[in-house]
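Trainee: Can you walk me through this model? I would like to start with the strands.

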Amino acid sequence: MAIPSVLQESLHDPLFWARYTFAHEEGPGADRLGDLEDLLDDDDDDDDDDDADEDSADSSLDVAFEVGDGHEVVLSIDASTDSYSLGITTPDLAEPAELGWDDLAHWHPHALRWAELDLICRAIAARNPRLQHPGAALALLCRFAAVFDDDDVDRAVAAVDEAYAALRPPHWKGYWPCGADWLERADFRGEKVTWQRDEAGNLWAHQDDADRDDEPFYSTRLGPDTGDGFPHVPLRAVLNAAAATLGYPPESADRQAG
């Protein structure tokens, strides 16, 4: 599936990214907004008008990225409420299974490890040549990934930086998101997050609250497969489909992440 045209246009708009990354709410990059702050304030005033209902409806959309063999990663965007969620679909699922969500109230965005996101985005690009990697898919989906003590963080930040830069208008000199902004919300090195694996290959995280320095790991991926929690089996199927698209061995991302 191609990115809807309305979103495709927004991907080159600094106002979109200021909202999407929460820079407009004092998130990373807020200190670089400059003159955009006035435009964001004007948008907020417009949203308070009664006539904004129709615009709010238009601001909600789903974007499905296929990784292979009927397996998709689904990004749901509700710009009117600053709410974003990540789901996955497989041929066996009647509706998308939610991996995580990000908003300004009760966020649980940390759904993927870096190796998993990188695999997914490479598979997306292989399935759709119009979606280069690093590019739009990584820029949009990186909010749902985190890095840990055993990750090549410099490589991850460089890839996110390249993804954002690929979307930046050629002559735009103002605010634009960067890899360092992403890292500020995604860095769990030194935060005592450890990963465990069961015999099926499912990975989940545990954070030792007593020993962590500062950052809580907000995720639903905090336990084994019990049938009613994090969708381990569908995620494993999506990762395997992405690996097959790229000609990698099954479960390759899972082994990297562990």
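Trainee: In S4, what is the bridge partner of Ile-88?

Mentor: Ala-97 is the partner of Ile-88 in S4. Strands here are DSSP runs of E with at least two residues, helices are runs of H or I with at least four, and both are numbered from the N terminus. Before going on: this is a predicted model, where local features need pLDDT of at least 70, side-chain atom pairs count only at pLDDT 80 or more, and totals for chains, interfaces and linings use all residues. Residues are numbered from 1 along each chain as its sequence is written, and side-chain values use heavy atoms, with hydrogens and water left out.

Trainee: How many bridges join S3 to S4?

Mentor: There are 5 bridges between S3 and S4 (residues 97-102), and the two strands run antiparallel. Two strands count as paired if DSSP finds at least two bridges between them. S3 is also joined to S2 (residues 71-78), by 7 bridges and again antiparallel. In that pairing Glu-72 sits opposite Thr-89 of S3.

Trainee: And the turn in the hairpin of S2 and S3, which residue takes a positive phi?

Mentor: Asp-82 does, with phi near 50 degrees, and 4 residues lie between the strands.

Trainee: Why is S3 called largely enclosed?

Mentor: Because 6 of the 7 residues of S3 (residues 83-89) are buried, the strand is largely enclosed by the rest of the structure. Buried means under 20% relative accessible area, exposed means over 50%, and partly exposed is in between, with a 1.4 Å probe and protein chains only.

Trainee: What about S8, how many of its residues are buried?

Mentor: In S8 (residues 203-207), 4 of the 5 residues are buried, so that strand too is largely enclosed by the rest of the structure. S7 (residues 193-197) pairs with S8 through 5 bridges, antiparallel, and Val-193 stands opposite Gln-207. The hairpin of S7 and S8 has 5 residues between the strands, and Gly-201 there has a positive phi near 100 degrees.

Trainee: Let me zoom out. How many helices and strands does the chain have?

Mentor: The chain has 10 helices and 8 strands. Of its 258 residues, 49% count as buried. Taking contacts with a separation of 6 or more, 59% are between residues 24 or more positions apart; a contact means heavy atoms within 4.5 Å.

Trainee: Next topic, holes. How many cavities of 30 Å³ or more are there?

Mentor: The count is 2. On a 1 Å grid over the protein atoms alone, a cavity is a set of points where a 1.4 Å probe fits but cannot get out, while a pocket is an open set with protein on both sides within 12 Å along at least five of seven lines; lining residues have an atom within 4 Å of a point. Grid points are joined across faces, edges and corners, and a volume is the space filled by probe spheres set on the points.

Trainee: What lines the largest cavity?

Mentor: The largest cavity holds about 180 Å³ of space. Its lining has 17 residues, and those nearest its centre are Thr-21, Arg-143, Tyr-164, Trp-182 and Arg-185. H8 gives the most to that lining, with 4 residues. By class, the lining has 12 nonpolar, 2 polar and 3 charged residues, where Ala, Val, Leu, Ile, Met, Phe, Trp, Tyr, Cys and Pro count as nonpolar, Asp, Glu, Lys and Arg as charged, and the others, Gly among them, as polar.

Trainee: Which residues of H8 are buried?

Mentor: Gly-179, Asp-181, Trp-182, Leu-183 and Ala-186 are buried in H8. Their cover includes H5 (114-127), S6 (145-146) and H7 (153-165).

Trainee: And the second largest pocket, what is its volume?

Mentor: That pocket has a volume of about 250 Å³. It is lined by 16 residues, with Phe-22, Pro-28, Trp-107, Arg-185 and Glu-215 closest to its centre. The lining is made up of 7 nonpolar, 3 polar and 6 charged residues.

Trainee: Last one: how many disulfides?

Mentor: The count is 0, taking a disulfide as a pair of cysteine sulfur atoms within 2.5 Å. For Cys-142 the nearest cysteine sulfur belongs to Cys-121, 8.4 Å away. Cys-142 counts as buried because its relative accessibility is 1%.
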